[in-house]
Amino acid sequence: MPIRPAGLYWFRQLSITFVSIAAAIPFCAQAQLSATPPTLSKDVEIVFLGTGSPVPNADRQGPSLAIVANGKAYLVDAGSGVVRQANSAFQRGIPALRPVELDIAFLTHLHSDHTLGLPDLIFTPWLAERTKPLRLYGPEGTKEMSSHILEAFKEDIQVRTTGLESGNTTGYKVEAHDVQPGNVYQDGNVSVKAFLVKHGSWKEALGYRFDVGGKSIVVSGDTAPAESVVAACGGCDALIHEVYSGKGQNPNKLSMSVEQWMKYESEFHTSTVELGQIGAKAKAKMLILTHWGLLGNAKEDDLVREIRQEYSGPIVIARDLDVIAP
């Protein structure tokens, strides 16, 4: 399994077979927001800012990742701690994740654990002197959520722009887009395609395919098994997928029976065996697990063991601040 960044070291995963191989590079623990760290790579990299779930686990922040290409970061989801995690990655040698540079993000769906960091992503980079509006793409309701956040913080905006802070009047704004399945974004680095997935009773939840630097990266978002994920991958270089293992109660909802919770899991999420089948059918060159959950007595080793019943390719259990080059 991948080695988690810890202490005063940044770990970049250099190659992956069944397990990842990592090299440690020291960084300055006192690096400040305005510091300029060394450029380590211009290759395509996936940076996991948060791999957690709604469970308040101090070691795993809310769901969020960044695809970095040619010095630019493209965020997917905005879980709790997103900007602080980005700054941690910046301090560890990824200039694209300097908070002031964060100006584009894609939401898979509007569940709170995937969007609690959205006010953070709107305002904190602005306080660091971002002057560009945040470009935000997501399912139906994205524009409405953004406008409500701006309304909720209107007094903060007024004080910061008209008071002694002399804040700029553009960097807090949001250019929000409710997107439909299909091509949703393209620039000189990346093209992004959205596709529908099955996330229980959500009327619209999305996954994304990023074609960047000759690599294809597919992010499932939260989903039960979906043929759309298989079709979007189609031999992709990396399939980033949510997953759960085991059987048990939700630790946040102990009033619900095991049976009730497992019904929820089966309709909203993907089990390990199901994911193994998806990875094999999609011919994914690498399977990366995020937003992973362990129920009952399940252990991390069970994730790989159970997926391995169906999928023979490389498997990585992503951890916060892991960096993977597909």
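1. Strand 9 and strand 10 (residues 190–196) run antiparallel and are joined by four bridges. Strands pair if DSSP finds at least two bridges between them. Helices (H or I, at least four residues) and strands (E, at least two) are DSSP runs, numbered from the N terminus. Glycine 182 has alanine 194 in strand 10 as its bridge partner.

2. A note on the source. This is a predicted model, in which local features need pLDDT of at least 70 and side-chain atom pairs count only at pLDDT 80 or more, while totals for chains, interfaces and linings use all residues. Residues are numbered from 1 along each chain as its sequence is written, and side-chain values use heavy atoms, with hydrogens and water left out.

3. Contact means heavy atoms within 4.5 Å. Axes are lines fitted to C-alpha atoms, for helices over the stretch in contact, and angles run from 0 to 180 degrees between N-to-C directions.

4. Now strand 12 (residues 215–219). Strand 11 (residues 206–212) pairs with strand 12 in the antiparallel sense over five bridges. Tyrosine 208 has valine 219 as its bridge partner. Strand 11 and strand 12 form a hairpin with two residues between them, and glycine 213 in the turn has a positive phi of about 55°. Strand 12 and strand 13 run parallel, joined by three bridges. Valine 218 stands opposite leucine 239 in strand 13.

5. Helix 3 (residues 118–127) and helix 4 (residues 142–152) have axes that come within 10 Å and cross at roughly 55°. Leu118, Pro119, Ile122 and Phe123 in helix 3 meet Met145, Ile149 and Leu150 in helix 4.

6. Alanine 128 lies in the loop between helix 3 and strand 7 (134–138). Its relative accessible area is 21%, so alanine 128 is partly exposed. Alanine 128 and glycine 171 are 43 residues apart in sequence and 9.5 Å apart in space, C-alpha to C-alpha.

Technical notes. Buried < 20%, exposed > 50% of the residue type's maximum accessible area, 1.4 Å probe, protein only.
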